[in-house]
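My entries are kept in the order in which I consulted the model.

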Amino acid sequence: MSYFCCTLLQSVRVTGFVSLIAVCLLSSCGSRSDTAKAEESEIEVLCAAGLRVPVEEAARAYEAEGLGMVRLEFGGSQTLLSKMEVSKKGAVFLPADVSYIDIAKKKNLVAEQVDLTVMNGVVAVKKGNPAGVHSLADLQKDGVRVVLANPELAAVSNLTSKALSLAVWQSLTSRAVAMKPTVSDAANDIVLGAADAGFVWDVTVLQTAGLEKVELPELAAVKGRVAGAVCVAGSHQTAALRFLRWLSSPEKGGPILTKHGYTAPKGDAWVKEPALTVYAGAMLRPAIDQTISEFEKREGCRVDRVYNGCGILVAQMQTAVPDVFFSCDVSFMDQVSNLFPNAKEISSNQLVILVKKGNPHKIRTLEDLGKSGIRVGVGNEKQCALGVITQTTLKESGWRDAVTKNVVVQAPAGDLLVNQLLAGGLDAAVTYISNAAGSAQQLEAMPISMPCAIAQQPLAVGKDTKFPQLAARLTAALTTAESRQKFEALGFGWKKEAATVP
């Protein structure tokens, strides 16, 4: 509390004393709250020097919109990677090529990746090309001074060294007048007349007055695929994701990047708090709901979930198509393959016969479900995958007619059958093993050992979603090792290919 507040308090009556304390404290608390809020939204971006110009402009525009503070640190891509590994700091890693993100992922330094743009490798020379550099051979002529960015620190030289033959690269490095830490430093040497030519990005030339570029066929493969990644050790990961979404969006970061010569990013439409809609089979809810809630919190988005029988969900898609569909079985995904063309199977679920603990009616096989007086519950084949697979299994077993006579309930979801079994309305129910996961103390499950009695669950992003990258990150979250543990704890099987979902 300030000296002024203390002096004033001494001169007021006791009745005003409490009120003034309250005012001062509220004012003080508000100030601390504002400061804390600003600190919470500040992110540190470790950015390659070759991206400095557009990222600086983007950061200021981002701040001007009141979205948070951005603190930038520039350097060579390898330098920044090493710093992140040693200091365990940073919120966003923005190297000049995704190969550095790949390395960081292997070291568990970064998580989500957002693709941004592409840069092309060229030779930079002074305006007018006074040294007459037009080919790779010209760079090796006597009198031509070549400057290089250090390939151990800068992406452009690292990629160039791999594109050229070992002999040519060794010749160039042995003749180099200087080895600089960043591509910007190399470009500046040419501008200042300390060198005649050097390998840089095409956008570096555009952004540096006094330079022009020479394109060489040998550099056609030297492309910096630029992406940003969220640092695992960063404390503001939701803010980091928001900045990357903004930077990659066609409406926000896109125009800034193209203004400075970069190819336009293919990010999601910009919304501060985007919303996804997910349709999922009811049986999947226990396995995915927590993961989706965690995803919402991390991404700063909303995910509207609709759980139901897949037959009902597919019918709803005639009027409303979700961003993501997680189907109970491939048969229902096949019905909407035109809307979800890249579905991948993630999990499987075994069909079982559920009975009360102790199995009072001695039901162990499909044949036993045909016994006189047995009340059976099955899935509705027009509303859910459970019903379709149950009918197929009964038909192939040869017991469909006998069992059908005892069917008293056809439900759109397996959990409804479990509820009726627990309530005493059924003697047995044909469900998925996952439906019984929460009732192990009250129910017994008899597996139906037939190949057709296993449902496969595919997952896909809708081809017309406004948020393809956000939706892809959600599918990735649903296929992590942590997600797999949730599935397997409920009795689901897991596909080895599941981790390849983008």
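**Entry 1: basis.** I note that I am working with a predicted model.

**Entry 2: cavities.** I looked up how many cavities of 30 Å³ or more the structure holds, and there are two. For the largest cavity I recorded a volume of about 60 Å³. Its lining consists of 13 residues, and those closest to the centre are Gly50, Ala96, Ala154, Ala155 and Val183. I then sorted the lining of the largest cavity by class: eight residues are nonpolar and five are polar, while none is charged.

**Entry 3: the second largest cavity.** I recorded a volume of about 40 Å³ for the second largest cavity. I list its lining residues as Leu51, Pro54, Val55, Leu94, Leu116, Thr117, Val226, Leu247 and Leu257. I asked which elements give two or more residues to this lining, and found helix H3 (52-64) and strand S4 (110-126). By class, I count eight nonpolar residues and one polar residue in the lining of the second largest cavity, with no charged residue.

**Entry 4: H11 against H13.** I turned to helix H11 (residues 237-248) and helix H13 (residues 285-299), which pack at an angle of about 70 degrees with their axes 7 Å apart. Angles of 65 to 115 degrees count as roughly perpendicular, and H11 and H13 are therefore roughly perpendicular to each other. On the H11 side I noted Gln237, Thr238, Leu241 and Arg245, which meet Lys297, Arg298 and Glu299 in H13. The residues of this contact comprise four charged, two polar and one nonpolar.

**Entry 5: H13 against H19.** I next looked up the packing of H13 with helix H19 (residues 468-477), and recorded an angle of about 135 degrees, with the axes 10 Å apart. This makes H13 oblique to H19. By class, I recorded five nonpolar, one polar and two charged residues in the contact of H13 with H19.

Key: Residues are numbered from 1 along each chain as its sequence is written. This is a predicted model: local features need pLDDT of at least 70, side-chain atom pairs count only at pLDDT 80 or more; totals for chains, interfaces and linings use all residues. Side-chain values use heavy atoms; hydrogens and water are left out. On a 1 Å grid over the protein atoms alone, a cavity is a set of points where a 1.4 Å probe fits but cannot get out, and a pocket is an open set with protein on both sides within 12 Å along at least five of seven lines; lining residues have an atom within 4 Å of a point. Grid points are joined across faces, edges and corners, and a volume is the space filled by probe spheres set on the points. Ala, Val, Leu, Ile, Met, Phe, Trp, Tyr, Cys and Pro count as nonpolar, Asp, Glu, Lys and Arg as charged, and the others, Gly among them, as polar. Helices (H or I, at least four residues) and strands (E, at least two) are DSSP runs, numbered from the N terminus. Axes are lines fitted to C-alpha atoms, for helices over the stretch in contact, and angles run from 0 to 180 degrees between N-to-C directions. Angles under 35 degrees count as roughly parallel, over 145 as roughly antiparallel, 65 to 115 as roughly perpendicular and the rest as oblique. Contact means heavy atoms within 4.5 Å.
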